[in-house]
Amino acid sequence: MTMTTTQRILDLAAATPASHGEDLVLLLSEANELYQQGLHRSVAARLGGLATAELMFAADTAGMPCDASQDRDEVILLLALAEWEMTSAAMAYAEMAEDAARRGVCLIPED
């Protein structure tokens with residue numbers, strides 16, 4: 001049986017409360033990578049054939065306003081973000097990242 005991105009992120013999120021230190025960083029890193037993959041797959045293939053004006057209208061309708069200075073790829077990314085943020089995988093990842101941050105763990109290196 002193949003595990004989906006959503007299933008894996010949910011599994012990682014479930015393991016987060018019992019993880020600490022480097023183990024938590026590893027869980028968060030894997031979930032972040034899966035989150036990014038899901039984000040790009042969620043809309044890019046489906047909307048790639050639309051005209052730029054149609055993409056901009058769809059982004060505005062989704063509550064992700066954009067302007068003429070943004071290129072196609074940026075508008076597609078906005079649409080992907082709007083759609084992906086509402087998935088259970090994205091919500092689980094957000095909770096996981098927030099829990100890790102409360103415990104002082106973040107993927108962004110300190111200066």
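**View 1. Contacts of Thr 16 in the predicted model.** Thr 16 touches Leu 24, Leu 27, Met 96, Asp 99 and Arg 103, leaving out residues up to four places away in sequence. The model shown here and in the other views is predicted. Thr 16 is found in the loop between α1 and α2. Its relative accessibility is 2%, so Thr 16 counts as buried.

**View 2. Helix α1 against helix α5.** The two helices span residues 5-15 (α1) and residues 88-102 (α5). Their axes come within 9 Å and cross at roughly 25 degrees. Angles under 35 degrees count as roughly parallel, and α1 and α5 are therefore roughly parallel to each other. The crossing in which α1 passes α5 is left-handed. On the α1 side, the contact is made by Thr 6, Ile 9, Leu 10, Leu 12 and Ala 13. On the α5 side, Ser 88, Ala 89, Ala 92, Tyr 93 and Met 96 take part. By class, the residues of this α1 and α5 contact are eight nonpolar, two polar and no charged.

**View 3. The largest nonpolar core.** This core has 18 residues. Those with the most contacts inside it are Ile 9, Leu 12, Leu 28, Trp 84, Tyr 93 and Met 96. Two or more residues come from each of α1, α2 (21-47), α4 (72-84) and α5. The most come from α2, which gives seven residues.

**View 4. Surroundings of Tyr 93.** Tyr 93 is in contact with Ile 9, Leu 28, Ala 31, Asn 32, Tyr 35 and Leu 107, leaving aside neighbours within four places in sequence. Tyr 93 is also among the residues with the most contacts inside the largest nonpolar core, and belongs to the α5 side of the contact with α1.

View 5. Another core lies apart from the largest one. This other core has six residues, among them Leu 47, Leu 55, Ala 59 and Ile 76.

**View 6. Helix α3 against helix α4.** Helix α3 covers residues 52-61 and packs on α4 at an angle of about 30 degrees. The axes are 9 Å apart. The angle makes α3 roughly parallel to α4. α3 passes α4 in a left-handed crossing. From α3, the contact is made by Thr 52, Leu 55, Met 56, Ala 58 and Ala 59. From α4, Arg 72, Val 75, Ile 76 and Leu 79 contribute. The α3 and α4 contact has seven nonpolar residues, one polar and one charged.

Key. Residues are numbered from 1 along each chain as its sequence is written. This is a predicted model: local features need pLDDT of at least 70, side-chain atom pairs count only at pLDDT 80 or more; totals for chains, interfaces and linings use all residues. Side-chain values use heavy atoms; hydrogens and water are left out. Axes are lines fitted to C-alpha atoms, for helices over the stretch in contact, and angles run from 0 to 180 degrees between N-to-C directions. Helices (H or I, at least four residues) and strands (E, at least two) are DSSP runs, numbered from the N terminus. Angles under 35 degrees count as roughly parallel, over 145 as roughly antiparallel, 65 to 115 as roughly perpendicular and the rest as oblique. A crossing is left-handed if the near helix is turned anticlockwise from the far one by less than a right angle, and right-handed if clockwise. Contact means heavy atoms within 4.5 Å. Ala, Val, Leu, Ile, Met, Phe, Trp, Tyr, Cys and Pro count as nonpolar, Asp, Glu, Lys and Arg as charged, and the others, Gly among them, as polar. A nonpolar core is a set of buried Ala, Val, Leu, Ile, Met, Phe, Trp, Tyr and Cys residues joined through side-chain atoms within 4.5 Å. Buried means under 20% relative accessible area, exposed over 50%, partly exposed in between (1.4 Å probe, protein chains only).
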